[in-house]
Amino acid sequence: MERIFSGVQPSGIPTIGNYVGALKQFVDLQNEYETYYCVVNQHAITVPQNPAKLREQTRSLAALYLALGVDPNQATVFVQSDVPAHAQAAWMVECLTPLGQLERMTQYKDKVQKQQSVQAGLLTYPALMVADIILYQANLVPVGDDQTQHIELTRDFVDRFNRDFAPKGKEILTRPERYTPKSGGRIMSLQDPTSKMSKSDSNQKAFISLLDEPKQVTKKIKSAVTDSSGVISYDPEEKAGISNLLTIYQAFSGQTLASLVDQYANSGYGQFKADLAEVIISVLEPMQAKYQKLYQSSDLDDILRQGASQAKELANQTLADMEAAIGFSYKL
Ligand code: TYM
(Lines give C-alpha, C1' and ligand atoms only; values in the text may rest on other atoms or scores of the structure.)
Protein backbone atom coordinates (compact mmCIF):
# COMPACT_ATOMS: atom_id res chain seq x y z
CA MET A 1 0.00 0.00 0.00
CA GLU A 2 1.36 3.42 -0.90
CA ARG A 3 2.03 5.83 1.91
CA ILE A 4 0.96 9.39 2.69
CA PHE A 5 2.45 11.93 5.06
CA SER A 6 1.11 15.40 5.74
CA GLY A 7 0.91 17.96 8.49
CA VAL A 8 -0.54 21.29 9.55
CA GLN A 9 1.08 23.82 11.88
CA PRO A 10 -0.71 24.49 15.18
CA SER A 11 -0.12 28.21 14.72
CA GLY A 12 -3.78 29.22 14.98
CA ILE A 13 -7.15 27.68 14.20
CA PRO A 14 -7.11 26.27 10.64
CA THR A 15 -9.19 28.06 8.04
CA ILE A 16 -11.48 26.69 5.35
CA GLY A 17 -8.45 27.26 3.07
CA ASN A 18 -6.46 24.69 5.06
CA TYR A 19 -9.48 22.41 4.88
CA VAL A 20 -10.04 22.63 1.14
CA GLY A 21 -6.31 22.57 0.26
CA ALA A 22 -5.22 19.83 2.65
CA LEU A 23 -7.40 18.57 5.53
CA LYS A 24 -10.27 17.40 3.34
CA GLN A 25 -7.83 15.21 1.45
CA PHE A 26 -6.58 13.72 4.74
CA VAL A 27 -10.03 12.22 5.17
CA ASP A 28 -10.71 11.38 1.51
CA LEU A 29 -7.43 9.48 1.06
CA GLN A 30 -7.24 7.49 4.28
CA ASN A 31 -9.02 4.42 2.87
CA GLU A 32 -6.70 4.05 -0.09
CA TYR A 33 -3.34 4.75 1.54
CA GLU A 34 -1.38 4.05 4.68
CA THR A 35 -1.56 7.53 6.20
CA TYR A 36 0.50 9.51 8.72
CA TYR A 37 -1.03 12.82 9.81
CA CYS A 38 1.10 14.97 12.03
CA VAL A 39 0.51 18.11 14.09
CA VAL A 40 3.77 19.84 13.18
CA ASN A 41 4.39 21.84 16.37
CA GLN A 42 8.14 22.08 15.74
CA HIS A 43 7.39 24.10 12.61
CA ALA A 44 5.23 26.51 14.59
CA ILE A 45 8.16 27.83 16.67
CA THR A 46 9.89 29.37 13.63
CA VAL A 47 7.94 32.45 14.72
CA PRO A 48 7.45 33.44 18.39
CA GLN A 49 4.76 31.40 20.18
CA ASN A 50 3.17 31.73 23.58
CA PRO A 51 3.82 28.34 25.32
CA ALA A 52 0.32 28.01 26.81
CA LYS A 53 -1.27 28.87 23.49
CA LEU A 54 0.98 26.48 21.58
CA ARG A 55 -0.01 23.66 23.95
CA GLU A 56 -3.69 24.44 23.52
CA GLN A 57 -3.48 24.80 19.73
CA THR A 58 -1.56 21.53 19.39
CA ARG A 59 -4.27 19.62 21.23
CA SER A 60 -6.95 21.54 19.39
CA LEU A 61 -5.53 20.72 15.96
CA ALA A 62 -5.25 17.03 16.79
CA ALA A 63 -8.90 17.08 17.91
CA LEU A 64 -9.84 18.84 14.68
CA TYR A 65 -8.15 16.17 12.52
CA LEU A 66 -10.32 13.57 14.21
CA ALA A 67 -13.51 15.64 14.26
CA LEU A 68 -13.16 16.23 10.51
CA GLY A 69 -13.19 12.47 10.00
CA VAL A 70 -9.62 11.23 10.23
CA ASP A 71 -10.08 7.74 11.66
CA PRO A 72 -7.37 6.75 14.17
CA ASN A 73 -8.02 3.10 13.34
CA GLN A 74 -6.92 3.78 9.79
CA ALA A 75 -4.54 6.72 10.06
CA THR A 76 -1.62 7.33 12.38
CA VAL A 77 -2.26 10.67 14.08
CA PHE A 78 0.54 12.16 16.17
CA VAL A 79 2.40 15.25 17.35
CA GLN A 80 5.76 15.97 15.76
CA SER A 81 7.70 16.70 18.97
CA ASP A 82 6.70 13.27 20.33
CA VAL A 83 8.87 11.67 17.62
CA PRO A 84 12.50 12.85 18.08
CA ALA A 85 13.55 11.40 14.71
CA HIS A 86 12.14 14.52 12.97
CA ALA A 87 14.65 16.87 14.56
CA GLN A 88 17.43 14.29 14.21
CA ALA A 89 16.85 13.77 10.48
CA ALA A 90 16.39 17.50 9.93
CA TRP A 91 20.01 18.10 11.02
CA MET A 92 21.26 15.72 8.35
CA VAL A 93 19.02 17.35 5.76
CA GLU A 94 20.33 20.80 6.72
CA CYS A 95 23.93 19.68 6.40
CA LEU A 96 23.27 18.20 2.97
CA THR A 97 21.25 21.11 1.53
CA PRO A 98 22.88 24.09 -0.19
CA LEU A 99 22.14 27.36 1.60
CA GLY A 100 21.16 28.97 -1.70
CA GLN A 101 18.25 26.50 -2.09
CA LEU A 102 16.80 27.54 1.26
CA GLU A 103 17.31 31.23 0.55
CA ARG A 104 15.31 30.87 -2.66
CA MET A 105 12.15 29.62 -0.90
CA THR A 106 9.44 32.21 -1.57
CA GLN A 107 7.78 31.68 1.83
CA TYR A 108 11.08 32.59 3.50
CA LYS A 109 11.57 35.63 1.29
CA ASP A 110 8.01 36.86 1.99
CA LYS A 111 8.28 36.40 5.75
CA VAL A 112 11.70 38.06 5.95
CA GLN A 113 10.20 41.14 4.34
CA LYS A 114 7.27 41.24 6.76
CA GLN A 115 9.10 40.51 10.04
CA GLN A 116 11.47 42.71 11.94
CA SER A 117 13.51 40.02 13.63
CA VAL A 118 14.05 36.73 11.84
CA GLN A 119 15.12 33.51 13.56
CA ALA A 120 17.43 31.00 11.87
CA GLY A 121 14.63 28.41 11.94
CA LEU A 122 12.62 30.42 9.46
CA LEU A 123 15.35 29.77 6.90
CA THR A 124 16.04 26.13 7.77
CA TYR A 125 12.39 25.17 8.30
CA PRO A 126 12.00 23.53 4.86
CA ALA A 127 14.76 21.08 5.86
CA LEU A 128 12.56 19.97 8.76
CA MET A 129 9.68 19.53 6.33
CA VAL A 130 11.92 17.39 4.07
CA ALA A 131 12.77 15.30 7.15
CA ASP A 132 9.06 14.89 8.02
CA ILE A 133 8.28 13.48 4.61
CA ILE A 134 11.29 11.22 4.02
CA LEU A 135 11.13 9.57 7.46
CA TYR A 136 7.84 7.94 6.45
CA GLN A 137 9.00 7.07 2.92
CA ALA A 138 5.88 8.90 1.73
CA ASN A 139 4.79 8.42 -1.87
CA LEU A 140 2.21 11.19 -1.73
CA VAL A 141 1.93 14.46 0.20
CA PRO A 142 -1.48 16.19 0.22
CA VAL A 143 -0.84 19.94 0.50
CA GLY A 144 -2.02 23.24 -0.92
CA ASP A 145 -0.26 25.11 -3.75
CA ASP A 146 1.91 27.14 -1.40
CA GLN A 147 3.91 24.03 -0.45
CA THR A 148 4.98 23.19 -4.01
CA GLN A 149 8.54 24.49 -3.59
CA HIS A 150 8.99 22.50 -0.38
CA ILE A 151 7.94 19.28 -2.08
CA GLU A 152 10.33 20.03 -4.95
CA LEU A 153 13.08 20.53 -2.38
CA THR A 154 12.20 17.14 -0.87
CA ARG A 155 12.34 15.39 -4.26
CA ASP A 156 15.65 17.02 -4.99
CA PHE A 157 17.05 15.98 -1.61
CA VAL A 158 15.90 12.38 -2.07
CA ASP A 159 17.60 12.17 -5.47
CA ARG A 160 20.86 13.57 -4.10
CA PHE A 161 20.83 11.39 -0.97
CA ASN A 162 20.17 8.21 -2.94
CA ARG A 163 22.82 9.13 -5.51
CA ASP A 164 25.48 9.94 -2.94
CA PHE A 165 24.79 7.44 -0.18
CA ALA A 166 22.77 4.44 -1.42
CA PRO A 167 24.51 1.33 -2.77
CA LYS A 168 24.42 1.26 -6.58
CA GLY A 169 20.97 0.40 -7.96
CA LYS A 170 19.31 0.79 -4.52
CA GLU A 171 17.31 3.55 -2.91
CA ILE A 172 17.31 4.50 0.76
CA LEU A 173 14.64 7.19 0.49
CA THR A 174 11.36 7.39 -1.44
CA ARG A 175 10.72 10.27 -3.82
CA PRO A 176 7.33 11.82 -2.98
CA GLU A 177 4.70 13.37 -5.25
CA ARG A 178 2.63 16.40 -4.31
CA TYR A 179 -1.13 15.84 -4.17
CA THR A 180 -3.16 19.01 -4.58
CA PRO A 181 -6.87 19.21 -5.44
CA LYS A 182 -7.51 20.20 -9.09
CA SER A 183 -9.17 23.36 -7.91
CA GLY A 184 -8.90 24.52 -4.31
CA GLY A 185 -5.12 24.29 -3.93
CA ARG A 186 -5.16 28.01 -3.20
CA ILE A 187 -8.26 29.43 -1.51
CA MET A 188 -8.11 33.20 -1.55
CA SER A 189 -8.88 35.83 1.08
CA LEU A 190 -12.57 36.78 1.30
CA GLN A 191 -11.59 40.44 1.49
CA ASP A 192 -8.83 40.48 -1.11
CA PRO A 193 -9.30 37.65 -3.61
CA THR A 194 -5.87 38.29 -5.13
CA SER A 195 -4.07 37.13 -1.97
CA LYS A 196 -4.13 33.73 -0.24
CA MET A 197 -6.51 33.06 2.65
CA SER A 198 -4.35 32.89 5.76
CA LYS A 199 -5.11 32.06 9.41
CA SER A 200 -2.76 34.86 10.46
CA ASP A 201 -4.55 37.62 8.50
CA SER A 202 -5.14 40.63 10.75
CA ASN A 203 -8.55 41.16 9.15
CA GLN A 204 -10.89 38.54 10.70
CA LYS A 205 -13.34 38.95 7.83
CA ALA A 206 -10.71 37.69 5.35
CA PHE A 207 -10.99 34.06 6.49
CA ILE A 208 -13.41 31.57 8.00
CA SER A 209 -11.90 29.45 10.73
CA LEU A 210 -13.06 25.86 11.19
CA LEU A 211 -14.33 26.83 14.65
CA ASP A 212 -16.30 29.92 13.57
CA GLU A 213 -19.92 29.90 14.69
CA PRO A 214 -22.69 29.67 12.05
CA LYS A 215 -23.55 33.36 12.51
CA GLN A 216 -19.96 34.38 11.83
CA VAL A 217 -19.80 32.17 8.73
CA THR A 218 -22.92 33.79 7.29
CA LYS A 219 -21.63 37.27 8.06
CA LYS A 220 -18.21 36.69 6.55
CA ILE A 221 -19.57 35.13 3.35
CA LYS A 222 -22.08 37.96 3.03
CA SER A 223 -19.31 40.55 3.25
CA ALA A 224 -16.97 38.68 0.88
CA VAL A 225 -15.66 40.92 -1.90
CA THR A 226 -17.17 40.17 -5.33
CA ASP A 227 -17.71 42.45 -8.35
CA SER A 228 -20.49 44.56 -9.80
CA SER A 229 -21.45 42.40 -12.81
CA GLY A 230 -23.93 40.23 -10.86
CA VAL A 231 -23.12 37.21 -13.04
CA ILE A 232 -22.04 33.93 -11.43
CA SER A 233 -19.33 32.43 -13.59
CA TYR A 234 -15.90 30.91 -13.09
CA ASP A 235 -13.18 33.28 -14.26
CA PRO A 236 -10.33 33.61 -11.74
CA GLU A 237 -8.70 36.45 -13.73
CA GLU A 238 -11.68 38.74 -14.23
CA LYS A 239 -13.95 37.57 -11.41
CA ALA A 240 -11.53 36.50 -8.68
CA GLY A 241 -14.00 36.94 -5.80
CA ILE A 242 -16.90 34.92 -7.23
CA SER A 243 -14.52 32.28 -8.63
CA ASN A 244 -13.02 31.82 -5.16
CA LEU A 245 -16.51 31.42 -3.65
CA LEU A 246 -17.42 28.91 -6.37
CA THR A 247 -14.28 26.90 -5.57
CA ILE A 248 -15.19 26.87 -1.86
CA TYR A 249 -18.78 25.88 -2.72
CA GLN A 250 -17.56 23.04 -4.88
CA ALA A 251 -15.26 21.68 -2.17
CA PHE A 252 -17.90 21.80 0.56
CA SER A 253 -20.81 20.48 -1.53
CA GLY A 254 -19.06 17.97 -3.79
CA GLN A 255 -20.84 19.54 -6.79
CA THR A 256 -18.81 20.40 -9.89
CA LEU A 257 -18.05 24.00 -10.85
CA ALA A 258 -20.05 23.55 -14.07
CA SER A 259 -23.17 22.33 -12.25
CA LEU A 260 -22.95 25.23 -9.77
CA VAL A 261 -22.61 27.80 -12.56
CA ASP A 262 -25.63 26.18 -14.20
CA GLN A 263 -27.65 26.13 -10.99
CA TYR A 264 -27.02 29.84 -10.32
CA ALA A 265 -27.34 31.06 -13.93
CA ASN A 266 -30.40 33.12 -13.04
CA SER A 267 -29.63 34.00 -9.42
CA GLY A 268 -28.02 37.05 -7.88
CA TYR A 269 -25.04 37.09 -5.53
CA GLY A 270 -27.32 37.36 -2.47
CA GLN A 271 -28.95 33.95 -2.96
CA PHE A 272 -25.67 32.35 -3.98
CA LYS A 273 -23.91 33.62 -0.86
CA ALA A 274 -26.77 32.59 1.45
CA ASP A 275 -26.69 29.04 0.02
CA LEU A 276 -22.90 28.87 0.22
CA ALA A 277 -22.96 29.88 3.89
CA GLU A 278 -25.52 27.10 4.55
CA VAL A 279 -23.34 24.51 2.82
CA ILE A 280 -20.27 25.50 4.85
CA ILE A 281 -22.27 25.47 8.10
CA SER A 282 -23.68 22.02 7.28
CA VAL A 283 -20.11 20.68 7.33
CA LEU A 284 -18.71 22.78 10.19
CA GLU A 285 -21.55 22.55 12.72
CA PRO A 286 -21.62 18.74 13.25
CA MET A 287 -17.82 18.69 13.12
CA GLN A 288 -17.58 21.32 15.87
CA ALA A 289 -19.82 19.29 18.18
CA LYS A 290 -17.49 16.28 17.80
CA TYR A 291 -14.48 18.54 18.26
CA GLN A 292 -15.70 19.86 21.62
CA LYS A 293 -16.07 16.31 23.00
CA LEU A 294 -12.70 15.15 21.69
CA TYR A 295 -10.82 18.18 22.93
CA GLN A 296 -12.01 17.52 26.52
CA SER A 297 -11.46 13.79 26.39
CA SER A 298 -8.50 11.70 27.52
CA ASP A 299 -9.21 9.47 24.49
CA LEU A 300 -7.37 12.11 22.51
CA ASP A 301 -4.24 11.59 24.63
CA ASP A 302 -4.46 7.82 24.11
CA ILE A 303 -4.80 8.25 20.35
CA LEU A 304 -1.80 10.59 20.19
CA ARG A 305 0.32 8.33 22.40
CA GLN A 306 -0.51 5.33 20.25
CA GLY A 307 0.08 7.39 17.09
CA ALA A 308 3.51 8.55 18.26
CA SER A 309 4.52 5.01 19.09
CA GLN A 310 3.46 3.77 15.62
CA ALA A 311 5.14 6.72 13.93
CA LYS A 312 8.37 6.14 15.85
CA GLU A 313 8.69 2.60 14.51
CA LEU A 314 8.83 3.69 10.90
CA ALA A 315 10.64 6.99 11.48
CA ASN A 316 13.39 5.37 13.57
CA GLN A 317 13.96 2.72 10.92
CA THR A 318 14.48 5.35 8.20
CA LEU A 319 16.62 7.45 10.53
CA ALA A 320 18.83 4.42 11.28
CA ASP A 321 19.20 3.71 7.54
CA MET A 322 20.16 7.33 6.87
CA GLU A 323 22.64 7.43 9.73
CA ALA A 324 24.25 4.19 8.65
CA ALA A 325 24.50 5.44 5.07
CA ILE A 326 26.25 8.70 5.96
CA GLY A 327 28.74 7.03 8.28
CA PHE A 328 27.36 7.37 11.80
CA SER A 329 27.48 3.63 12.41
CA TYR A 330 31.10 3.11 13.44
CA LYS A 331 30.89 -0.14 15.48
CA LEU A 332 32.52 -3.29 14.09
P1 TYM B 1 0.31 25.25 6.97
O2 TYM B 1 0.13 24.86 8.40
O3 TYM B 1 0.63 26.65 6.66
O4 TYM B 1 -0.96 24.85 6.15
C5 TYM B 1 -1.50 23.55 6.23
C6 TYM B 1 -1.98 23.09 4.86
O7 TYM B 1 -2.97 23.98 4.36
C8 TYM B 1 -2.63 24.40 3.04
N9 TYM B 1 -3.12 25.77 2.86
C10 TYM B 1 -4.00 26.13 1.91
N11 TYM B 1 -4.60 25.44 0.94
C12 TYM B 1 -5.45 26.10 0.14
N13 TYM B 1 -5.72 27.43 0.26
C14 TYM B 1 -5.14 28.17 1.22
N15 TYM B 1 -5.41 29.46 1.35
C16 TYM B 1 -4.22 27.51 2.11
N17 TYM B 1 -3.48 27.94 3.16
C18 TYM B 1 -2.81 26.86 3.60
C19 TYM B 1 -1.11 24.33 3.00
O20 TYM B 1 -0.62 24.24 1.69
C21 TYM B 1 -0.85 23.09 3.81
O22 TYM B 1 -0.98 21.93 3.01
N23 TYM B 1 4.94 23.57 5.92
C24 TYM B 1 3.54 23.20 6.08
C25 TYM B 1 3.31 22.15 7.15
C26 TYM B 1 4.19 20.96 7.03
C27 TYM B 1 4.00 19.86 6.14
C28 TYM B 1 5.06 18.97 6.42
C29 TYM B 1 3.05 19.58 5.15
C30 TYM B 1 5.29 20.70 7.79
N31 TYM B 1 5.82 19.48 7.41
C32 TYM B 1 5.20 17.77 5.71
C33 TYM B 1 3.19 18.39 4.46
C34 TYM B 1 4.25 17.50 4.72
C35 TYM B 1 2.74 24.44 6.47
O36 TYM B 1 3.28 25.41 6.94
O37 TYM B 1 1.39 24.30 6.29
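Predicted model: local features only at pLDDT ≥ 70, side-chain atom pairs only at ≥ 80, totals over all residues.

Reader: Which residues come nearest to the ligand?

Author: The shell around the ligand divides into 11 nonpolar, 11 polar and 5 charged residues. Strand S1 (3-8), H1 and helix H7 (120-135) each supply at least two residues of that shell. Of the 27 residues around the ligand, those that come nearest are Gln9, Tyr125, Asp132, Asp146 and Ile187.

Reader: At what distance does a polar side-chain atom of Asp146 lie from an oxygen atom of the ligand?

Author: A polar contact requires a pair of N or O atoms within 3.5 Å. The side chain of Asn18 has an N or O atom 3.0 Å from a ligand oxygen, and a polar side-chain atom of Tyr125 is 2.5 Å from a ligand nitrogen. For Asp146 and the ligand oxygen, the distance is 2.4 Å.

Reader: Why does Gln9 count as buried?

Author: Gln9 is in contact with Val40, His43, Ala44, Leu61, Tyr125 and Lys199, leaving aside neighbours within four places in sequence. Buried means under 20% relative accessible area. Gln9 counts as buried because its relative accessible area is 18%.

Reader: Is Asp132 buried or exposed?

Author: Asp132 is placed in helix H7. Beyond its neighbours within four places in sequence, Asp132 is in contact with Phe5, Val40, His43, Gln80 and His86. Its relative accessible area is 2%, so Asp132 is buried.

Reader: Which backbone nitrogen does the side chain of Asp212 reach?

Author: Asp212 lies in the loop between strand S5 (177-179) and H9, and it counts as buried at 8% relative accessibility. Apart from neighbours within four places in sequence, Asp212 is in contact with Phe207, Val217, Lys220 and Gln288. At 3.0 Å, its side chain reaches the backbone nitrogen of Ser209.

Reader: What is the phi of Gln137?

Author: Gln137 is found in the loop between H7 and strand S4 (140-142). Its relative accessible area is 14%, so Gln137 is buried. Although Gln137 is not a glycine, its phi is positive, at about 50°.

Reader: How many residues of H10 are buried?

Author: Helix H10 (residues 240-253) reaches 20 Å from its first C-alpha to its last, close to the 20 Å expected at 1.5 Å a residue. The cover over its buried residues includes helix H1 (16-29), helix H9 (214-222), helix H11 (257-263) and helix H12 (269-296). Among those buried residues are Ile242, Leu245, Tyr249 and Phe252. H10 is thus mostly covered, and the number of its 14 residues that are buried is 12.

Reader: Which residue follows H10?

Author: H10 comprises residues 240-253. The residue after H10 has a positive phi, near 80°, and is Gly254.

Technical notes
Residues numbered from 1 in each chain as written. Heavy atoms only, no water. Helix = DSSP H or I, 4+ residues; strand = E, 2+ residues; numbered from the N terminus. Expected span 1.5 Å × (residues − 1). Buried < 20%, exposed > 50% of the residue type's maximum accessible area, 1.4 Å probe, protein only. Contact = heavy atoms within 4.5 Å. Near = heavy atom within 4 Å. Polar contact = N/O pair within 3.5 Å; in protein donor to acceptor, adjacent residues only side chain to side chain. Nonpolar A, V, L, I, M, F, W, Y, C, P; charged D, E, K, R; others polar.
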